[in-house]
Amino acid sequence: MPTRTIKKAPTVRLPPKSNFEILLTRGAQVSIIFIGVVVTVFALHAGEFILTPIVLGVVVGLMLGPLASRLERFKVPPALSAAIVVLLFIVSVCVFALLVSSPLSFWLQRLPQIWSQLATQLADLKGPLETFKSMRDQLRQVTGGEGVSVSVDEGMGVETMATLAPAVIAQILLFFASLYFFVATRDQTRIAILRVCFNRRLRWRVAHIFRDVEQLVSQYLLSITVINIAEGITVGIGLYLLGVPSAPLWGALAILTNFVPFIGPLAMVAILFAVGLTEFDTLAASLLPVILYLGVNTVEGQFVTPLVIGRTMTLNPFVVLLALAFWIWLWGAVGGFIAIPALLVGYAIIRNVLPGVNWGVDELDRQYGR
């Protein structure tokens, strides 16, 4: 039988795109990405009430994950190891709160006295302040601005507390629930996500992202926590030797504020400067607590942290500043705490999506020979 020849369909060659068409295509792609970023930011801002405790629980869970993994090596079930880790975290927070509650209440009661002492100590700045006031009055005359009247409702404080209390309790419960279930199901979550990956290469990249995120975030947070505790103890002992009252309280505040780079130390400097003005007679003596703190913080930032974490894991300061500004604007104080872990997660994702680009965090490359 004669064989039939199958005719191939003619190849249709499209004319090459003009530069204008290429520009429109690129512009459309960039526009879609920009719209996606804007929508994501507004979604994060709108979901602050629910997302804040959940993300904070995940970040703390990444830090406590290695402890749960060590417990599970002794045949402890994941549910029980997660419960033990969460219980240890609650006990640590309660002990810390009990240690600082007494001196903190003492200083809160002294706020009116502190304010009057500050006014007395800053009397030498009366001349510059008067100059600033006259400049402000002249500016108001030029712009036609009027004074702003503020009315205060007497029952506003009680009503606000009654409204906020259930919301705060709900966020605390959501945080601990997120922390427990994340630690208890972290391996199951990883396996479930890897099963969704439709090819081997994508599965390999996602597995490396999980590994890098856990390694980077847990190593950073655990190391920074130990470093901050050592710095707080050093600051507390130094302030005690200087004769500053409630030195353990300021050491505890130094521990907390140092979790937020740049902004935390600046806030601590302002607090210690106010304490120094209220406790010492001369301006030079009142600067001693600030000088002590800045000295300890400088040694920590320039020598201790690079030695413990590694200089290759030190992030770009400008990128850190941008991340802090963004997350504090988005979620306030909680955003300042999760800014660096979120930045490390972004580094881990981008490094595996674009493996040929050096993003400044090379510690894992040396550990795993990549």
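Biologist: At what angle do the axes of helix α9 and helix α10 cross?
Modeller: In this predicted model, helix α9 covers residues 247–257 and helix α10 covers residues 263–279. Their axes come within 9 Å of each other, and the angle at which they cross is roughly 160 degrees.

Biologist: Is α9 roughly parallel or roughly antiparallel to α10?
Modeller: Angles over 145 degrees count as roughly antiparallel, and the axes of these two helices cross at roughly 160 degrees. That angle therefore makes α9, relative to α10, roughly antiparallel.

Biologist: How many nonpolar, polar and charged residues does the contact of α9 with α10 have?
Modeller: From α9, the residues Trp250, Leu253, Ala254 and Thr257 take part, and they meet Gly264, Pro265, Met268, Ile271, Leu272 and Val275 in α10. Sorted by class, the contact has eight nonpolar, two polar and no charged residues.

Biologist: How far apart do the end C-alpha atoms of residues 80–100 lie?
Modeller: An unreviewed UniProt entry lists residues 80–100 under "transmembrane region", along with other spans including 249–275. In the model, the span 80–100 is 100% helix and 0% strand, and its end C-alpha atoms lie apart by 31 Å.

Terms used
Residues are numbered from 1 along each chain as its sequence is written. This is a predicted model: local features need pLDDT of at least 70, side-chain atom pairs count only at pLDDT 80 or more; totals for chains, interfaces and linings use all residues. Side-chain values use heavy atoms; hydrogens and water are left out. Axes are lines fitted to C-alpha atoms, for helices over the stretch in contact, and angles run from 0 to 180 degrees between N-to-C directions. Helices (H or I, at least four residues) and strands (E, at least two) are DSSP runs, numbered from the N terminus. Angles under 35 degrees count as roughly parallel, over 145 as roughly antiparallel, 65 to 115 as roughly perpendicular and the rest as oblique. Contact means heavy atoms within 4.5 Å. Ala, Val, Leu, Ile, Met, Phe, Trp, Tyr, Cys and Pro count as nonpolar, Asp, Glu, Lys and Arg as charged, and the others, Gly among them, as polar. UniProt positions are given in the numbering used here, feature names are shortened, and annotations may be inferred rather than shown by experiment.
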